[in-house]
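Please keep the sequence and the structure in view while reading.

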Amino acid sequence: MTDNPRVPLVLISGLAPGPNADLAERLRLAEPGTAVVHHDLRQIHSGVVRRRIRLGDRDQLTVLELAHGCVSCTLREDLLPLLRKLSQMPQVRRIVVRLDEAMEPEPVSWALHNVLVGERPVIEDVDLRAVLTVVDCAGWLGDSTGDDTLAERNLRASPEDERTVAQVALSQVEFADLLVLAGAATDAWSAAKASAVLDRVAPSIPRVELSTVDGKTVLDAVPADARRGEVTDMHGPLLRGQPPLHTDCGIGLLTFTSQRPFHPERLHDAIDVLLDGVVRTRGRLWVASQPDMALWIESAGGGLGVGHAGPWLAAPDGPDWADVSPERRTLASLRWDPLFGDRAQELVVVTDQATPDEIEAALNGALLTEEELAAGEQEWLRYPDPFGEWHEEPCEDTEIDPEKHDVNASNRKDETQ
(Lines give C-alpha, C1' and ligand atoms only; values in the text may rest on other atoms or scores of the structure.)
Protein backbone atom coordinates (compact mmCIF):
# COMPACT_ATOMS: atom_id res chain seq x y z
CA MET A 1 0.00 0.00 0.00
CA THR A 2 1.07 3.59 -0.59
CA ASP A 3 1.33 6.07 2.29
CA ASN A 4 -1.06 8.55 0.64
CA PRO A 5 -4.75 8.28 1.55
CA ARG A 6 -6.83 6.60 -1.10
CA VAL A 7 -9.26 8.70 -3.10
CA PRO A 8 -12.95 7.69 -2.75
CA LEU A 9 -14.36 6.00 -5.86
CA VAL A 10 -17.98 5.40 -6.86
CA LEU A 11 -19.06 3.20 -9.77
CA ILE A 12 -22.37 3.84 -11.55
CA SER A 13 -23.89 1.18 -13.80
CA GLY A 14 -27.18 0.83 -15.62
CA LEU A 15 -28.72 0.38 -19.05
CA ALA A 16 -30.21 3.89 -19.40
CA PRO A 17 -27.59 6.54 -20.27
CA GLY A 18 -29.76 9.53 -19.35
CA PRO A 19 -30.52 8.57 -15.74
CA ASN A 20 -26.94 7.32 -15.30
CA ALA A 21 -25.62 10.73 -16.35
CA ASP A 22 -28.15 12.46 -14.07
CA LEU A 23 -26.93 10.50 -11.04
CA ALA A 24 -23.28 11.15 -11.89
CA GLU A 25 -23.97 14.88 -12.24
CA ARG A 26 -25.72 14.99 -8.86
CA LEU A 27 -22.64 13.43 -7.28
CA ARG A 28 -20.31 15.81 -9.14
CA LEU A 29 -22.15 18.94 -8.08
CA ALA A 30 -22.51 17.77 -4.49
CA GLU A 31 -18.80 17.72 -3.75
CA PRO A 32 -16.18 20.05 -5.27
CA GLY A 33 -13.23 18.14 -6.64
CA THR A 34 -15.32 15.26 -7.97
CA ALA A 35 -14.03 13.93 -11.29
CA VAL A 36 -16.57 12.10 -13.46
CA VAL A 37 -15.19 9.63 -16.00
CA HIS A 38 -17.22 8.00 -18.75
CA HIS A 39 -16.15 5.71 -21.60
CA ASP A 40 -18.55 5.50 -24.55
CA LEU A 41 -18.17 2.09 -26.21
CA ARG A 42 -20.63 2.53 -29.08
CA GLN A 43 -17.80 2.50 -31.66
CA ILE A 44 -15.65 -0.09 -29.94
CA HIS A 45 -16.21 -2.54 -32.81
CA SER A 46 -14.02 -0.16 -34.83
CA GLY A 47 -11.40 0.05 -32.09
CA VAL A 48 -12.57 3.52 -31.04
CA VAL A 49 -13.65 4.59 -27.55
CA ARG A 50 -14.72 8.11 -26.57
CA ARG A 51 -13.66 9.05 -23.07
CA ARG A 52 -15.07 12.07 -21.26
CA ILE A 53 -13.71 13.60 -18.06
CA ARG A 54 -15.51 16.32 -16.14
CA LEU A 55 -13.65 18.05 -13.32
CA GLY A 56 -14.60 21.51 -12.16
CA ASP A 57 -14.84 23.74 -15.22
CA ARG A 58 -12.94 21.22 -17.34
CA ASP A 59 -14.94 19.08 -19.76
CA GLN A 60 -12.60 17.01 -21.90
CA LEU A 61 -13.57 14.53 -24.61
CA THR A 62 -10.81 12.22 -25.83
CA VAL A 63 -10.94 9.77 -28.73
CA LEU A 64 -9.03 6.58 -27.89
CA GLU A 65 -7.83 4.24 -30.59
CA LEU A 66 -7.28 0.76 -29.17
CA ALA A 67 -5.28 -2.09 -30.66
CA HIS A 68 -8.13 -4.48 -29.80
CA GLY A 69 -11.70 -3.27 -29.63
CA CYS A 70 -12.93 -4.79 -26.36
CA VAL A 71 -13.95 -3.67 -22.91
CA SER A 72 -10.99 -5.50 -21.32
CA CYS A 73 -8.59 -3.39 -23.37
CA THR A 74 -10.45 -0.22 -22.38
CA LEU A 75 -10.03 -1.15 -18.74
CA ARG A 76 -6.40 -2.13 -18.96
CA GLU A 77 -5.15 0.44 -21.44
CA ASP A 78 -7.01 3.50 -20.25
CA LEU A 79 -9.39 3.37 -17.27
CA LEU A 80 -7.02 1.82 -14.73
CA PRO A 81 -4.02 4.05 -15.53
CA LEU A 82 -6.37 7.05 -15.65
CA LEU A 83 -7.74 6.29 -12.18
CA ARG A 84 -4.22 6.20 -10.80
CA LYS A 85 -3.36 9.49 -12.47
CA LEU A 86 -6.52 11.19 -11.19
CA SER A 87 -5.95 9.85 -7.67
CA GLN A 88 -2.57 11.58 -7.61
CA MET A 89 -3.97 14.99 -8.61
CA PRO A 90 -4.37 17.20 -5.51
CA GLN A 91 -7.53 18.83 -6.86
CA VAL A 92 -9.33 15.48 -7.14
CA ARG A 93 -11.21 14.64 -3.95
CA ARG A 94 -13.49 11.94 -5.35
CA ILE A 95 -13.83 9.95 -8.59
CA VAL A 96 -17.13 8.85 -10.10
CA VAL A 97 -16.92 6.34 -12.96
CA ARG A 98 -20.07 6.19 -15.05
CA LEU A 99 -19.76 2.84 -16.76
CA ASP A 100 -20.93 2.34 -20.31
CA GLU A 101 -24.37 0.72 -20.48
CA ALA A 102 -22.84 -2.56 -21.69
CA MET A 103 -20.40 -2.81 -18.79
CA GLU A 104 -20.99 -4.88 -15.68
CA PRO A 105 -19.51 -3.57 -12.43
CA GLU A 106 -18.18 -6.92 -11.20
CA PRO A 107 -15.36 -7.37 -13.78
CA VAL A 108 -14.43 -3.70 -13.32
CA SER A 109 -14.16 -4.23 -9.56
CA TRP A 110 -12.13 -7.39 -10.15
CA ALA A 111 -9.72 -5.44 -12.36
CA LEU A 112 -9.30 -2.75 -9.71
CA HIS A 113 -8.20 -5.39 -7.22
CA ASN A 114 -6.21 -7.74 -9.46
CA VAL A 115 -4.83 -6.11 -12.61
CA LEU A 116 -1.39 -4.63 -12.01
CA VAL A 117 -0.62 -1.14 -13.25
CA GLY A 118 3.12 -1.15 -12.94
CA GLU A 119 3.81 -3.16 -9.81
CA ARG A 120 0.54 -2.78 -7.93
CA PRO A 121 -3.23 -2.76 -8.45
CA VAL A 122 -5.17 0.49 -8.62
CA ILE A 123 -7.18 -0.39 -5.51
CA GLU A 124 -4.13 0.84 -3.60
CA ASP A 125 -4.85 4.32 -4.97
CA VAL A 126 -8.65 4.42 -4.74
CA ASP A 127 -11.19 3.41 -2.10
CA LEU A 128 -14.27 1.88 -3.72
CA ARG A 129 -17.06 3.32 -1.56
CA ALA A 130 -20.09 2.08 -3.49
CA VAL A 131 -21.46 0.49 -6.64
CA LEU A 132 -24.69 2.25 -7.63
CA THR A 133 -26.94 0.73 -10.28
CA VAL A 134 -29.63 2.80 -11.94
CA VAL A 135 -32.85 0.94 -12.76
CA ASP A 136 -34.93 2.58 -15.50
CA CYS A 137 -38.40 1.66 -14.24
CA ALA A 138 -40.03 2.10 -17.65
CA GLY A 139 -37.87 -0.49 -19.38
CA TRP A 140 -36.00 -2.60 -16.85
CA LEU A 141 -38.61 -5.36 -16.57
CA GLY A 142 -38.58 -5.89 -20.33
CA ASP A 143 -34.79 -5.77 -20.37
CA SER A 144 -34.40 -8.32 -17.56
CA THR A 145 -36.99 -10.78 -18.88
CA GLY A 146 -36.60 -10.32 -22.65
CA ASP A 147 -34.34 -12.14 -25.08
CA ASP A 148 -32.77 -9.21 -26.99
CA THR A 149 -29.02 -9.42 -27.47
CA LEU A 150 -26.68 -6.48 -26.94
CA ALA A 151 -25.87 -6.62 -30.64
CA GLU A 152 -29.53 -6.03 -31.48
CA ARG A 153 -29.47 -2.90 -29.32
CA ASN A 154 -26.09 -1.73 -30.64
CA LEU A 155 -24.72 -2.13 -27.12
CA ARG A 156 -21.94 -4.67 -27.64
CA ALA A 157 -18.78 -4.21 -25.59
CA SER A 158 -16.69 -5.96 -28.26
CA PRO A 159 -17.25 -7.33 -31.78
CA GLU A 160 -17.60 -10.84 -30.30
CA ASP A 161 -19.98 -9.84 -27.49
CA GLU A 162 -22.84 -12.37 -27.50
CA ARG A 163 -24.43 -11.42 -24.17
CA THR A 164 -28.12 -10.76 -23.86
CA VAL A 165 -29.49 -7.50 -22.47
CA ALA A 166 -31.03 -9.52 -19.63
CA GLN A 167 -27.64 -10.90 -18.61
CA VAL A 168 -26.27 -7.38 -18.26
CA ALA A 169 -29.39 -5.96 -16.58
CA LEU A 170 -29.41 -8.67 -13.93
CA SER A 171 -25.66 -8.66 -13.35
CA GLN A 172 -25.74 -4.91 -12.78
CA VAL A 173 -28.40 -5.08 -10.07
CA GLU A 174 -26.99 -8.22 -8.42
CA PHE A 175 -23.61 -6.57 -7.82
CA ALA A 176 -24.96 -3.21 -6.66
CA ASP A 177 -24.72 -1.78 -3.16
CA LEU A 178 -27.66 0.53 -3.85
CA LEU A 179 -30.36 0.53 -6.54
CA VAL A 180 -31.44 3.94 -7.83
CA LEU A 181 -34.90 3.83 -9.40
CA ALA A 182 -35.41 6.25 -12.27
CA GLY A 183 -38.77 7.24 -13.72
CA ALA A 184 -41.92 5.15 -13.45
CA ALA A 185 -43.16 1.85 -14.81
CA THR A 186 -45.69 1.94 -17.64
CA ASP A 187 -48.41 0.46 -15.40
CA ALA A 188 -49.00 -0.88 -11.91
CA TRP A 189 -48.66 -4.53 -12.97
CA SER A 190 -45.24 -3.92 -14.55
CA ALA A 191 -44.09 -2.06 -11.44
CA ALA A 192 -45.20 -4.91 -9.17
CA LYS A 193 -43.62 -7.56 -11.37
CA ALA A 194 -40.31 -5.69 -11.63
CA SER A 195 -40.30 -5.36 -7.84
CA ALA A 196 -40.92 -9.10 -7.53
CA VAL A 197 -37.90 -9.83 -9.74
CA LEU A 198 -35.67 -7.43 -7.79
CA ASP A 199 -36.84 -8.97 -4.51
CA ARG A 200 -35.51 -12.33 -5.70
CA VAL A 201 -32.29 -11.46 -7.53
CA ALA A 202 -31.17 -8.61 -5.22
CA PRO A 203 -33.05 -9.17 -1.95
CA SER A 204 -30.68 -7.32 0.38
CA ILE A 205 -30.01 -4.25 -1.76
CA PRO A 206 -31.89 -1.07 -0.74
CA ARG A 207 -33.64 1.10 -3.31
CA VAL A 208 -33.96 4.87 -3.54
CA GLU A 209 -35.70 7.14 -6.05
CA LEU A 210 -33.44 9.12 -8.37
CA SER A 211 -35.80 12.09 -8.19
CA THR A 212 -35.11 12.36 -4.45
CA VAL A 213 -31.38 11.62 -4.51
CA ASP A 214 -29.20 14.14 -2.72
CA GLY A 215 -25.66 13.86 -4.02
CA LYS A 216 -24.31 14.70 -0.56
CA THR A 217 -26.17 12.02 1.35
CA VAL A 218 -27.04 9.24 -1.12
CA LEU A 219 -24.11 7.08 -0.04
CA ASP A 220 -25.54 7.06 3.47
CA ALA A 221 -28.16 4.64 2.14
CA VAL A 222 -25.49 2.05 1.36
CA PRO A 223 -25.67 -0.67 4.05
CA ALA A 224 -22.74 -1.08 6.40
CA ASP A 225 -22.30 -4.70 5.24
CA ALA A 226 -22.43 -3.89 1.50
CA ARG A 227 -19.81 -5.64 -0.59
CA ARG A 228 -18.41 -2.35 -2.03
CA GLY A 229 -16.86 -4.04 -5.01
CA GLU A 230 -15.69 -7.18 -3.23
CA VAL A 231 -15.73 -10.02 -5.74
CA THR A 232 -16.60 -13.29 -4.02
CA ASP A 233 -15.50 -16.57 -5.54
CA MET A 234 -17.93 -18.83 -7.35
CA HIS A 235 -18.31 -21.00 -4.25
CA GLY A 236 -19.86 -18.19 -2.24
CA PRO A 237 -23.57 -17.65 -1.56
CA LEU A 238 -25.68 -17.74 -4.73
CA LEU A 239 -27.88 -14.96 -3.36
CA ARG A 240 -27.03 -12.21 -0.88
CA GLY A 241 -29.85 -11.84 1.61
CA GLN A 242 -33.08 -13.77 2.03
CA PRO A 243 -35.37 -13.66 -1.00
CA PRO A 244 -39.09 -14.39 -0.60
CA LEU A 245 -39.90 -18.02 -1.35
CA HIS A 246 -43.54 -17.51 -2.41
CA THR A 247 -44.61 -16.70 -5.97
CA ASP A 248 -45.46 -13.06 -6.66
CA CYS A 249 -46.81 -11.70 -9.96
CA GLY A 250 -45.86 -15.03 -11.51
CA ILE A 251 -42.23 -14.71 -10.37
CA GLY A 252 -41.07 -17.71 -8.37
CA LEU A 253 -37.85 -19.04 -6.89
CA LEU A 254 -36.57 -22.61 -7.20
CA THR A 255 -33.53 -23.96 -5.39
CA PHE A 256 -32.20 -27.24 -6.75
CA THR A 257 -29.70 -29.31 -4.78
CA SER A 258 -28.42 -32.85 -5.10
CA GLN A 259 -25.37 -34.81 -3.96
CA ARG A 260 -25.13 -36.98 -7.04
CA PRO A 261 -23.50 -35.88 -10.32
CA PHE A 262 -25.10 -34.93 -13.60
CA HIS A 263 -24.67 -37.09 -16.69
CA PRO A 264 -22.98 -34.63 -19.10
CA GLU A 265 -25.03 -35.47 -22.19
CA ARG A 266 -28.37 -35.58 -20.38
CA LEU A 267 -27.58 -32.29 -18.66
CA HIS A 268 -26.70 -30.75 -22.02
CA ASP A 269 -30.02 -31.96 -23.43
CA ALA A 270 -31.96 -30.66 -20.41
CA ILE A 271 -30.29 -27.29 -20.16
CA ASP A 272 -32.86 -25.54 -22.36
CA VAL A 273 -35.25 -25.81 -19.42
CA LEU A 274 -33.17 -23.05 -17.79
CA LEU A 275 -33.80 -20.67 -20.69
CA ASP A 276 -37.49 -20.61 -21.61
CA GLY A 277 -39.68 -18.86 -19.07
CA VAL A 278 -36.75 -18.37 -16.71
CA VAL A 279 -35.57 -14.95 -15.56
CA ARG A 280 -32.27 -16.01 -14.03
CA THR A 281 -30.22 -19.11 -13.24
CA ARG A 282 -27.04 -19.10 -11.16
CA GLY A 283 -25.29 -22.06 -9.66
CA ARG A 284 -22.60 -24.69 -9.33
CA LEU A 285 -22.65 -28.00 -11.18
CA TRP A 286 -21.01 -31.35 -10.54
CA VAL A 287 -20.68 -33.18 -13.86
CA ALA A 288 -19.66 -36.85 -13.70
CA SER A 289 -17.13 -36.58 -16.55
CA GLN A 290 -15.28 -33.82 -14.65
CA PRO A 291 -15.41 -35.19 -11.10
CA ASP A 292 -12.82 -32.87 -9.58
CA MET A 293 -13.89 -29.58 -11.19
CA ALA A 294 -16.91 -27.50 -10.22
CA LEU A 295 -18.67 -25.83 -13.11
CA TRP A 296 -20.45 -22.47 -12.89
CA ILE A 297 -23.66 -21.78 -14.80
CA GLU A 298 -25.58 -18.56 -15.44
CA SER A 299 -28.52 -17.85 -17.70
CA ALA A 300 -30.74 -14.87 -18.47
CA GLY A 301 -32.83 -13.81 -21.44
CA GLY A 302 -31.95 -16.86 -23.52
CA GLY A 303 -28.23 -16.31 -22.89
CA LEU A 304 -26.30 -19.07 -21.16
CA GLY A 305 -22.78 -19.28 -19.83
CA VAL A 306 -20.96 -22.30 -18.37
CA GLY A 307 -17.39 -22.13 -17.08
CA HIS A 308 -14.93 -23.53 -14.56
CA ALA A 309 -15.40 -22.58 -10.91
CA GLY A 310 -12.22 -24.23 -9.66
CA PRO A 311 -11.69 -27.62 -7.99
CA TRP A 312 -13.84 -29.00 -5.22
CA LEU A 313 -12.30 -29.11 -1.76
CA ALA A 314 -12.45 -32.91 -1.96
CA ALA A 315 -10.50 -33.00 -5.24
CA PRO A 316 -6.89 -34.29 -5.12
CA ASP A 317 -5.64 -30.84 -6.17
CA GLY A 318 -8.34 -28.94 -4.29
CA PRO A 319 -7.55 -25.82 -2.27
CA ASP A 320 -6.53 -25.97 1.38
CA TRP A 321 -9.43 -25.33 3.72
CA ALA A 322 -7.51 -22.45 5.29
CA ASP A 323 -7.35 -20.69 1.90
CA VAL A 324 -11.10 -20.56 1.21
CA SER A 325 -13.79 -18.34 2.68
CA PRO A 326 -15.42 -19.19 6.04
CA GLU A 327 -18.75 -19.48 4.22
CA ARG A 328 -17.39 -22.15 1.91
CA ARG A 329 -15.84 -24.08 4.79
CA THR A 330 -19.11 -23.98 6.73
CA LEU A 331 -21.18 -25.11 3.74
CA ALA A 332 -18.75 -27.94 2.96
CA SER A 333 -18.78 -29.12 6.57
CA LEU A 334 -22.57 -29.19 6.69
CA ARG A 335 -23.00 -31.27 3.55
CA TRP A 336 -19.78 -33.33 3.53
CA ASP A 337 -20.32 -36.78 2.03
CA PRO A 338 -18.01 -39.64 3.11
CA LEU A 339 -17.43 -40.61 -0.54
CA PHE A 340 -17.87 -37.42 -2.57
CA GLY A 341 -16.91 -34.73 -0.08
CA ASP A 342 -18.31 -31.27 -0.89
CA ARG A 343 -19.29 -32.12 -4.47
CA ALA A 344 -22.94 -31.22 -5.04
CA GLN A 345 -25.43 -29.49 -7.32
CA GLU A 346 -26.58 -26.04 -6.22
CA LEU A 347 -28.76 -23.91 -8.47
CA VAL A 348 -31.03 -20.96 -7.84
CA VAL A 349 -33.61 -20.42 -10.60
CA VAL A 350 -35.90 -17.38 -10.75
CA THR A 351 -38.88 -18.38 -12.86
CA ASP A 352 -41.48 -16.40 -14.78
CA GLN A 353 -43.61 -18.45 -17.15
CA ALA A 354 -41.80 -21.72 -16.52
CA THR A 355 -43.19 -24.23 -14.03
CA PRO A 356 -40.72 -24.94 -11.21
CA ASP A 357 -41.88 -28.56 -11.05
CA GLU A 358 -41.00 -29.08 -14.73
CA ILE A 359 -37.55 -27.58 -14.21
CA GLU A 360 -36.91 -29.74 -11.18
CA ALA A 361 -38.08 -32.87 -13.02
CA ALA A 362 -35.80 -32.13 -16.00
CA LEU A 363 -32.78 -31.58 -13.74
CA ASN A 364 -33.50 -34.70 -11.72
CA GLY A 365 -33.70 -36.68 -14.97
CA ALA A 366 -30.19 -35.51 -15.86
CA LEU A 367 -28.64 -36.91 -12.68
CA LEU A 368 -26.86 -40.26 -12.73
CA THR A 369 -29.07 -43.26 -12.13
CA GLU A 370 -28.31 -45.71 -9.32
CA GLU A 371 -26.71 -48.06 -11.85
CA GLU A 372 -24.56 -45.30 -13.35
CA LEU A 373 -23.58 -44.08 -9.91
CA ALA A 374 -22.44 -47.57 -8.92
CA ALA A 375 -20.27 -47.86 -12.06
CA GLY A 376 -17.80 -45.38 -10.54
CA GLU A 377 -15.52 -42.60 -11.72
CA GLN A 378 -13.51 -44.63 -14.21
CA GLU A 379 -16.69 -45.26 -16.17
CA TRP A 380 -17.87 -41.64 -15.80
CA LEU A 381 -14.64 -40.39 -17.40
CA ARG A 382 -15.57 -42.24 -20.58
CA TYR A 383 -18.79 -40.28 -21.04
CA PRO A 384 -18.78 -37.90 -24.04
CA ASP A 385 -18.59 -34.42 -22.51
CA PRO A 386 -20.24 -31.44 -24.29
CA PHE A 387 -18.84 -29.23 -21.51
CA GLY A 388 -15.23 -30.11 -22.23
CA GLU A 389 -14.49 -27.29 -24.69
CA TRP A 390 -13.18 -24.04 -23.24
CA HIS A 391 -12.24 -20.78 -24.89
CA GLU A 392 -9.63 -18.33 -23.64
CA GLU A 393 -10.26 -14.60 -23.49
CA PRO A 394 -8.14 -12.65 -26.03
CA CYS A 395 -6.84 -10.18 -23.42
CA GLU A 396 -5.60 -12.12 -20.40
CA ASP A 397 -2.67 -9.95 -19.33
CA THR A 398 -2.87 -8.92 -15.67
CA GLU A 399 -0.16 -6.28 -15.73
CA ILE A 400 0.06 -2.85 -17.33
CA ASP A 401 3.20 -0.82 -17.78
CA PRO A 402 2.10 2.74 -16.92
CA GLU A 403 4.94 4.14 -19.03
CA LYS A 404 3.41 2.48 -22.09
CA HIS A 405 -0.12 3.61 -21.30
CA ASP A 406 0.27 7.33 -20.71
CA VAL A 407 -3.14 8.98 -20.94
CA ASN A 408 -1.54 11.65 -23.11
CA ALA A 409 -0.11 9.19 -25.64
CA SER A 410 -0.11 10.20 -29.31
CA ASN A 411 -2.87 7.81 -30.37
CA ARG A 412 -5.42 9.94 -28.54
CA LYS A 413 -7.12 13.09 -29.79
CA ASP A 414 -8.38 15.60 -27.22
CA GLU A 415 -11.51 17.60 -27.97
CA THR A 416 -11.94 20.03 -25.09
CA GLN A 417 -15.44 21.44 -24.95
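Two strands are said to pair if DSSP finds at least two bridges between them. Helices (H or I, at least four residues) and strands (E, at least two) are DSSP runs, numbered from the N terminus. The model is predicted, and local features need pLDDT of at least 70, side-chain atom pairs count only at pLDDT 80 or more, and totals for chains, interfaces and linings use all residues. Residues are numbered from 1 along each chain as its sequence is written, and side-chain values use heavy atoms, with hydrogens and water left out.

Strands of a sheet pair through backbone hydrogen bonds, either parallel or antiparallel. Here, five strands form an open sheet in the order S11-S15-S12-S13-S14, and their pairing is antiparallel. S11 and strand S14 (303–311) stand at the edges with a single partner strand each, so one side of each has no neighbour in the sheet. Within this sheet, strand S12 (residues 278–285) and strand S15 (residues 345–351) run antiparallel and are joined by six bridges. Thr 281 stands opposite Val 349 in S15.

The backbone of two loop residues also deserves attention. Most residues other than glycine have a negative phi. Asn 154, however, has a positive phi near 55°; this residue lies in the loop between helix H4 (140–145) and helix H5 (165–174). Cys 249 likewise has a positive phi, of about 55°, and is found in the loop between strand S10 (207–209) and strand S11 (252–258).

Are these residues buried (under 20% relative accessible area), exposed (over 50%) or partly exposed (in between), using a 1.4 Å probe and protein chains only? Asn 154 is partly exposed, at 48%, whereas Cys 249 is buried, at 17%.
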